[in-house]
Structures are given as structure tokens and as C-alpha cells.
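This report concerns the aromatic side chains of the structure shown below and the contacts in which they take part.

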There are 2 protein chains.
Amino acid sequence: MSIDFAKRADDHNYNADYIIRTLDDNDYYKLLMLQLIWKYTHLRDVPVTFSVINRTVSVRLAEIVDIVELDRQLAHVEQSLRWEDETIDALRGQAFHGTHAMFEPAFLNFLKSMRLCSYKLGKGADGQLDLTFTGTWAEATMWELYGLPIIGELRTREGLKTMDEQELDIFFARAKIKLWDMLQRLKGIPGLKLADFGTRRRFSHLWQRYVVEMCGSVLGEAFTGTSNFYMARQLRKRFRNMEAIGTNAHELPMVLHAMSRAGLLGDIAPKDSPYEVLRLWQEMYGGALRVFLPDTFGTTNFLRNAPDWVAEWTGMREDSKDPHEAGEEYIAWLKSKGKDPTTKLLLFSDGLDVDTIIKLHAQFAGVIQPGYSVDDFTCAADFLDAEKWLHQPRIRVAFGWGTMLTNAMHGCHPRGLDCFKPISLVCKVTHAAGLGAVKLSNNYTKATGAPADIDKARKTFGSEGMANIPVTV
Amino acid sequence: MSIDFAKRADDHNYNADYIIRTLDDNDYYKLLMLQLIWKYTHLRDVPVTFSVINRTVSVRLAEIVDIVELDRQLAHVEQSLRWEDETIDALRGQAFHGTHAMFEPAFLNFLKSMRLCSYKLGKGADGQLDLTFTGTWAEATMWELYGLPIIGELRTREGLKTMDEQELDIFFARAKIKLWDMLQRLKGIPGLKLADFGTRRRFSHLWQRYVVEMCGSVLGEAFTGTSNFYMARQLRKRFRNMEAIGTNAHELPMVLHAMSRAGLLGDIAPKDSPYEVLRLWQEMYGGALRVFLPDTFGTTNFLRNAPDWVAEWTGMREDSKDPHEAGEEYIAWLKSKGKDPTTKLLLFSDGLDVDTIIKLHAQFAGVIQPGYSVDDFTCAADFLDAEKWLHQPRIRVAFGWGTMLTNAMHGCHPRGLDCFKPISLVCKVTHAAGLGAVKLSNNYTKATGAPADIDKARKTFGSEGMANIPVTV
């Protein structure tokens with residue numbers, strides 16, 4: 001039997017194994033946002049703090065994860081990793097529909113010389129990690145997608161230590177079967193478009209890689225890519241049409257809202273700051289990539305108060321609302337603006353699992369025949385029965401599948417331990433421009449910020465269309 | 001990612017991959033029988049033919065397995081493999097309870113210079129393989145355990161070719177889970193003793209190795225070893241007490257019966273030939289290894305007509321009868337001979353699966369409490385409830401688990417193909433000493449031999465205790 005010495009050595013060095021090994025093991029949209037932040041110097045140098053927050057308070061992360069090891073992993077990213085020439089070359093090659101370059105040469109030069117800001121790490125009295133990143137926005141923003149996967153994979157390693165060699169073998173066998181069975185339910189659904197958005201919550205780097213390859217292989221054209229730039233590059237060697245996928249995130253309106261309150265955004269009022277984000281974005285990226293994320297201060301008021309040009313945008317990424325309602329709300333808004341919804345994109349990316357993907361696709365990608373409801377759809381076969389469903393898209397639907405794709409390991413432990421229960425871990429802007437940053441979202445339980453700042457923001461934006469919705473991941 | 005060049009090269013040479021790579025990848029009891037055959041020169045040189053017979057006629061093996069490749073695999077064993085010094089040294093070290101050597105130096109010299117007889121390979125009109133081994137008994141006997149695993153693994157390879165890389169991954173994940181779940185039901189059953197007897201019907205060499213390692217790891221002391229000498233040596237590096245396990249097989253009474261009919265066994269009458277086997281065996285091996293296999297011409301007549309000294313033997317290996325009845329029959333016979341059954345061994349090795357192992361253990365290794373029956377036992381927990389069962393062995397029980405341990409792959413194919421359905425493939429003595437060889441067994445459907453020879457044997461031995469029992473494996 002041949003001996004893979006490299007693997008053996010790697011196994012022996014398990015604890016020394018770095019989780020983030022290249023800076024492009026990060027979500028593509030963070031790069032798109034970083035270029036925007038870099039481009040507008042009033043954004044680039046605004047001071048911000050990102051903070052890690054575990055919304056699943058029952059899982060006391062600081063008592064699970066070894067803080068010394070976490071510190072070593074973060075220090076490696078900060079001190080040893082730099083953007084490599086090979087990656088910069090790959091970024092230089094990224095284009096909009098093959099026409100013009102997506103990244104400016106000056107930005108790529110900035111990236112090469114860029115340094116991340118430092119971090120502050122401690123243990124909270126509540127058993128949670130106290131981890132913050134404070135610096136200029138340009139130095140801080142990329143930390144989100146280094147910090148979350150590192151914490152997640154350190155938790156994974158602690159879980160793996162509960163098993164011996166045979167149990168590990170069975171654990172991964174179960175995880176593979178679970179993934180396979182999920183994908184079999186989706187395989188062959190007409191018009192399905194699905195991408196991996198699971199970097200931040202992944203079980204591990206290698207598992208995410210396994211997952212995206214399995215998705216590409218099983219789902220074929222229905223799997224459109226991954227949010228992870230490094231993974232997308234690896235995948236493209238095997239799947240020609242695989243894309244790095246991404247839009248933009250809450251941090252843009254959150255920081256611009258704070259800047260406006262601090263008087264750093266000229267005459268833009270706080271209530272208009274979400275649209276200023278969109279204005280800068282389309283100035284930077286032109287007609288491409290125009291998918292807005294409307295829920296930072298509530299979707300309903302965002303749509304009602306949006307300037308008419310927002311209806312020109314290609315699509316909307318739904319978050320933090322009942323997704324069935326959110327989709328209908330977007331379609332109704334498009335119609336009120338005289339737009340044809342079938343030319344627009346509705347991107348779901350919040351707490352998806354196979355069931356929700358199937359039900360949302362049934363509702364928006366076709367016509368459910370009389371006598372049936374979304375609850376009658378549980379697998380691909382249900383979509384192939386013309387008595388039940390017709391593939392007539394009401395809108396272009398796509399899915400960005402996260403935690404439940406790259407970290408669906410609960411139930412796989414051979415002795416039934418629950419150490420792989422998914423948690424709702426985020427890394428959010430908590431301070432910007434010297435003020436507390438705020439996110440209201442459509443869900444009261446997902447609001448972040450100091451109570452006084454939240455109250456003030458509610459006065460600015462209102463609370464229309466908001467609700468209490470339990471959060472799993 | 002590191003590259004395992006040896007593995008890559010091996011993968012590329014997949015079709016060239018030899019299934020049998022060392023002559024000790026064979027059942028240990030074949031070696032014990034070979035020494036007996038070698039020791040008694042009237043046995044050693046008697047001409048015999050072994051024939052491969054597929055009792056599952058619905059699976060047309062010659063249309064599945066590539067005959068040219070089968071020929072190449074068999075030729076490799078015949079022409080290229082020899083007993084290696086390292087293996088001979090290991091055999092020299094084998095002892096009875098650590099006291100005296102199990103193999104004679106002269107036999108080991110014979111083994112080193114031994115050549116296998118040649119084989120005849122063709123395709124039958126019935127879609128089955130026509131494969132026979134004709135030579136002296138000493139040259140032919142070892143072929144059984146080269147021929148069966150080669151045919152089995154070639155069939156396996158054809159099945160594996162139906163799957164792409166991802167499907168293969170899922171297939172093996174399912175197989176591992178299936179094995180794990182079987183072993184979990186057995187783990188912790190008080191007094192369980194179980195060994196791997198699955199070489200002849202294994203899915204593949206590597207899978208058998210995986211299975212025995214998993215058994216050793218999960219079952220601990222309850223897993224006593226494997227019939228495969230090579231595997232046992234490999235296992236012993238990890239599990240200290242692992243043993244190569246084996247007794248003797250039908251070929252001994254079948255050949256001696258034919259020799260007796262041909263006048264080559266002195267004044268031993270055909271009806272006494274089964275006991276002559278036992279006499280020679282204990283002359284060769286003394287008090288050790290005395291486990292008889294009584295069913296070659298029917299268990300009931302074997303026991304009734306056995307000389308008193310047969311009751312001194314340590315145990316009985318049950319075959320071809322309803323095992324619950326066979327065990328009771330043996331216990332009753334022991335009592336009729338004034339022997340204490342709790343000092344004797346009852347070894348089950350016929351068509352076992354988890355259910356039958358559990359039910360037989362419940363019946364013979366303890367006392368089933370009033371109000372319960374064997375059907376109330378389905379997993380280890382049932383044995384730990386004193387209201388249900390007490391561990392008070394009625395006899396020493398052991399299990400030699402074959403096909404359903406090393407080749408339980410049905411139901412694992414990701415697209416549901418049935419190419420891994422287990423089949424009942426055997427390699428039996430069909431001719432010996434110029435006559436047709438016969439086996440009656442306890443099951444009419446398992447009788448082998450020409451009809452006239454079977455009739456004659458039924459006249460010699462009678463048909464008491466025989467029945468029709470469907471054969472799966």
C-alpha cells in the first residue's frame with residue numbers, strides 16, 4: 001500500500017494547519033465592495049469596527065474554541081498572508097460579460113500593498129468570543145470572511161476530536177449521503193439556478209470544496225457557481241461555466257447611514273443613504289451587478305421611498321423577511337413601476353434548505369395548478385407533472401445557498417453528539433464614523449446596534465413590514 | 001494539495017490491477033487441509049477436478065465478466081505467484097496455543113516449491129462461466145480461494161464502471177454506513193464471538209480489509225479474527241489478539257468418499273469415509289482444531305452413525321440446515337453421548353446476516369425468559385435486559401460471517417442498479433479418483449454431483465433430516 005507522506009505529515013501537524021491559506025479564500029462580493037470603498041476616498045478612510053456576534057447564545061463559543069489557537073490563526077492572516085501575483089492576475093482577467101475589466105489596475109495595485117487592520121480578541125463574561133476589527137473601512141472589511149470561517153472551522157475541529165478514526169470515516173460517509181440526498185431532490189427541477197453562498201458558515205475549507213464539486217457534478221447547469229473566489233477558480237478547471245457570484249451586503253448602507261448622521265456624506269440625509277449606496281455602485285459598475293439588498297432598514301420602506309431609477313436595477317436579493325411574502329412584494333413593486341417582472345431577478349439567500357428552495361421555486365418559477373399549493377412540492381418529480389406545475393417563470397429566480405449547504409452536519413455524528421449544530425454567527429459593522437452602526441432588517445430579532453441608535457433609525461425609516469421571525473442560521 | 005503518485009498510477013492501471021497479489025490471500029483452513037492432503041501421500045496425488053458453479057442462474061456471469069481479463073488474472077496466479085519467504089516464515093511461527101508448530105518444516109518446503117495445476121476456462125451455453133481446475137488434489141485445492149475472489153472482484157469492477165466519480169464516492173459512503181449500522185446492532189452483545197469468513201465472496205480485497213478493520217475496531221474482543229491468512233497478518237499489526245481462523249471443508253469427505261468408492265481407501269467403506277477424514281485430521285493436528293463439518297452427506301445420519309470418539313471433538317460447524325434446528329440437534333446428540341454441551345463449540349457459518357446472528361445467539365448463548373422468543377431480539381440492547389435474556393451459554397457459540405459481511409453492497413448503488421446483488425458462487429470438487437464427486441448436504445437444493453452419483457450416495461447415507469431450503473448466498 002502506497003504511503004502519502006505529505007498527507008501523513010499534514011495529519012500530524014493537524015493543529016498547526018492554517019484554515020485561511022490564501023487571501024482570495026473570501027467571498028467575491030467583498031472584493032467588489034472593497035473596490036467601491038477604495039474608489040471613493042471619503043469611504044476608504046472612514047473608521048469602522050466589525051464585531052463577531054453569535055446569535056445562538058446557547059452555544060458558548062469561547063468555551064469550545066481554543067482562544068490561543070484562534071489568535072494564532074488570525075495573526076497568520078494578518079501578518080503572513082498577502083495578495084499573490086497569481087490571484088491578482090486572475091482578478092485582472094475578470095470582466096463584465098467578457099467586455100471590459102471589472103477591477104481597475106490601480107485597485108489591483110492597492111490590493112497588493114494593502115494591509116489588514118489589527119484585531120482585538122478576548123473572552124466575554126457570557127461565554128462568547130469578544131472579537132473586533134477596528135481600522136479604516138478598506139483595512140477592516142475583508143476580515144469578516146477570514147474571521148467567520150476560522151472560528152467555524154476551529155469549532156469543527158473540536159467536534160472532530162470527539163471521534164476516533166472509524167467514527168470519522170462514518171461521520172463523513174453520513175455527511176456525503178446527506179448532501180447527495182439533498183441534491184437528488186433538486187436535480188432536474190426545470191429552471192433551477194443555485195449557487196453556493198456558504199463560505200462564511202462552512203464546516204471547513206475542504207468540505208466546502210467537496211460540496212461545490214458535488215453540486216457541479218450532480219446539478220450540472222443548475223449550479224451556477226460559488227461566492228468564494230478561490231473555490232470558483234479551482235472549480236473552473238473542471239466546470240467550464242462556473243462563476244464567482246456576488247452582489248453587495250448590509251455593510252454599505254450601514255456605514256453610509258452612520259456617515260450621513262456624522263455629516264460626512266454631504267447633503268445626503270440618513271433616510272436617503274441606502275439609495276446613495278446604489279448610486280455609487282452603479283457609478284462604479286455601470287449596468288452590471290445591479291442587484292440591490294433592500295432590507296438593511298426594512299424592505300417595505302426601501303421600496304416605497306426608492307427613486308424611480310432603482311426600478312431599472314436588474315434584481316433584488318431577499319433577506320430577513322418571509323421569503324414568499326418578500327418575493328410577492330418585489331413583484332408587486334415592479335408592476336407598480338411599470339416593469340415586467342420576468343426580466344428581473346429575485347435572489348434568495350436567507351436560511352435556505354432543500355424544502356424552502358423547492359417551495360420558493362414552485363411559487364416564483366412557474367404556475368402552481370389549481371388544487372395544489374407550495375406544500376405539495378418536495379422533490380424534482382413534482383415539477384415534472386404538468387397537472388401540478390408549469391414552468392412559466394413569474395420572475396427570474398435564483399438561490400444563494402449558505403449554511404445548510406456547506407455545514408449541514410447535524411445528525412451525522414456516529415454517537416449522536418450535537419457538536420455540529422448550526423449556529424447563527426455573524427461579523428457585522430458595529431461602529432462607523434465614530435457612531436454606533438445600525439441594521440434594522442425586516443426581523444426585529446435580527447436588528448443590530450445600540451438600543452438608542454436602533455430607536456433613532458426606526459424613527460427615520462419606520463417599521464412597516466417588519467415582524468418577529470425565529471432565526472436558525 | 002499533495003499528489004499521491006503511486007495511487008494515481010495505480011488508478012491509471014486499473015484494468016491491469018491484479019486481484020490476487022500474494023498466495024496467502026487465501027483462507028487459512030485451505031492451508032490446514034493442504035497440509036493434511038500433503039501428509040498422506042495417497043491423498044496428495046489423487047486426481048481431482050474443482051469446478052466453479054454459480055447457483056444464482058439468473059445472473060449470467062459469463063456475460064458480465066470479461067473472459068480475457070479473467071484468464072489474465074488466473075494466469076498471473078498460476079504463473080507468476082509463488083509462496084514468499086516472508087509468508088513461509090510467518091507460517092513457521094504458527095503454533096497450537098503457543099506450544100508446538102502447526103506446520104511441519106517439510107510441508108513448508110513443499111509449499112515453496114509447489115505449483116498449482118492448470119485451469120480450463122470457457123463460456124457455457126447457459127451464460128455461465130465454464131471454469132475447472134484439474135490436477136492432483138495438492139495442486140488443485142488452493143485454486144478455490146483464488147478463483148472465487150477473482151471472479152467476484154471482476155464482477156465488482158463491472159459494477160463500479162456504471163458509476164462516475166461522485167457516484168462512487170456516494171456508493172462507498174452508503175456501504176460504510178450500512179456496515180457501521182450492522183455492527184452497531186451487534187456491538188455489546190454479551191458473549192458474542194464472531195469472525196470474518198468472507199474471503200470467497202468478498203466485494204474486493206480492499207473492501208474485505210476495510211471490513212475486518214472496522215469489525216476489530218467496533219466489536220473489540222467480540223471479533224475474533226478472519227479466515228484469511230494474509231488479512232489476519234495485516235490485522236495483527238493493529239489488533240493484538242486477532243487470529244487466522246479455520247477448520248475444514250466439504251472437499252475432504254467428498255474426495256475420501258470418491259476414493260473409497262474407487263477402492264483407494266483400503267477397507268474403509270463409503271459410508272465410513274466421513275469419519276476417516278476426522279481420524280486423519282486428529283492424527284495430523286492432535287487435540288487442536290477438532291471442529292467437524294457434518295453435513296456433506298447429511299448431518300442427522302452423520303451424528304447417528306458417528307463412532308463414540310467423534311463426541312470427543314471440540315465442536316461442530318453447522319451448514320446447510322435450519323441453524324436453529326441444527327444447534328438443538330447437536331446439543332441433544334452431545335447429551336446422548338454423555339457430554340456437557342457448555343464445553344463444546346457450535347460454529348455457525350451458513351448464510352448469516354445480522355438478524356440470524358442475533359437470533360441464534362439469543363437461542364444458544366443464553367436463556368430467553370418466559371414470554372419472549374428469538375423474534376424479540378433485534379439489537380444489542382435486547383440482550384442487556386434481564387427480564388428478557390440471561391447470559392447463560394447452553395453451548396459455546398461462534399459465528400463465521402461470510403458474504404453478508406464482506407459483500408453487503410446491495411441497495412448502495414446511487415442509481416439503484418442491482419449489479420451488486422449477492423450470488424451463490426461456489427468452487428466444488430466435482431471429480432475425484434476418476435469418479436463423480438458428490439455432496440448431499442442437508443438441503444436438497446444444495447446437493448452437487450451427477451444425478452446417478454447423488455442417488456447412489458442417498459442409498460449409502462439415507463435422507464434423514466434433509467429438506468428443501470431456498471439458497472440466497
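One aromatic cluster is formed by A:Y28, A:W38, A:F103, A:F107, A:F110 and A:F229. The model is a predicted one. Over all chains, it holds 56 aromatic pairs.

Among these pairs is that of A:F172 and A:F203, which is edge-to-face because the ring centres lie 6.1 Å apart and the planes stand at 80 degrees. A:F172 belongs to helix α9 (residues 165-186) of chain A, whereas A:F203 is in the loop between β6 (194-196) and α10 (205-219) of chain A; the pair therefore ties together parts that are 31 residues apart in sequence. A:F172 is partly exposed, its relative accessible area being 26%, while A:F203 is buried at 1% relative accessibility.

In chain B, the rings of B:F297 and B:F461 have centres 4.3 Å apart and planes at 5 degrees, so this pair is stacked. B:F297 is found in the loop between β9 (291-292) and α14 (299-305) of chain B, and B:F461 in helix α18 (residues 451-461) of chain B, so the contact ties together parts 164 residues apart in sequence. B:F297 is buried, with a relative accessible area of 3%, and B:F461 is also buried, with a value of 7%.

| Charged residue | Ring | Distance from the ring centre |
|---|---|---|
| B:R44 | B:F110 | 5.9 Å |
| B:K388 | B:F377 | 5.6 Å |

Conventions
Residues are numbered from 1 along each chain as its sequence is written. Chains are lettered from A and ligands numbered from 1 in the order in which they are written. This is a predicted model: local features need pLDDT of at least 70, side-chain atom pairs count only at pLDDT 80 or more; totals for chains, interfaces and linings use all residues. Side-chain values use heavy atoms; hydrogens and water are left out. Rings of Phe, Tyr and Trp (its six-membered ring) pair if their centres lie within 6.5 Å; planes under 30 degrees apart count as stacked, over 60 as edge-to-face and the rest as tilted. Helices (H or I, at least four residues) and strands (E, at least two) are DSSP runs, numbered from the N terminus. Buried means under 20% relative accessible area, exposed over 50%, partly exposed in between (1.4 Å probe, protein chains only). A charge sits over a ring if NZ of Lys or CZ of Arg is within 6 Å of the ring centre and within 35 degrees of the ring normal.
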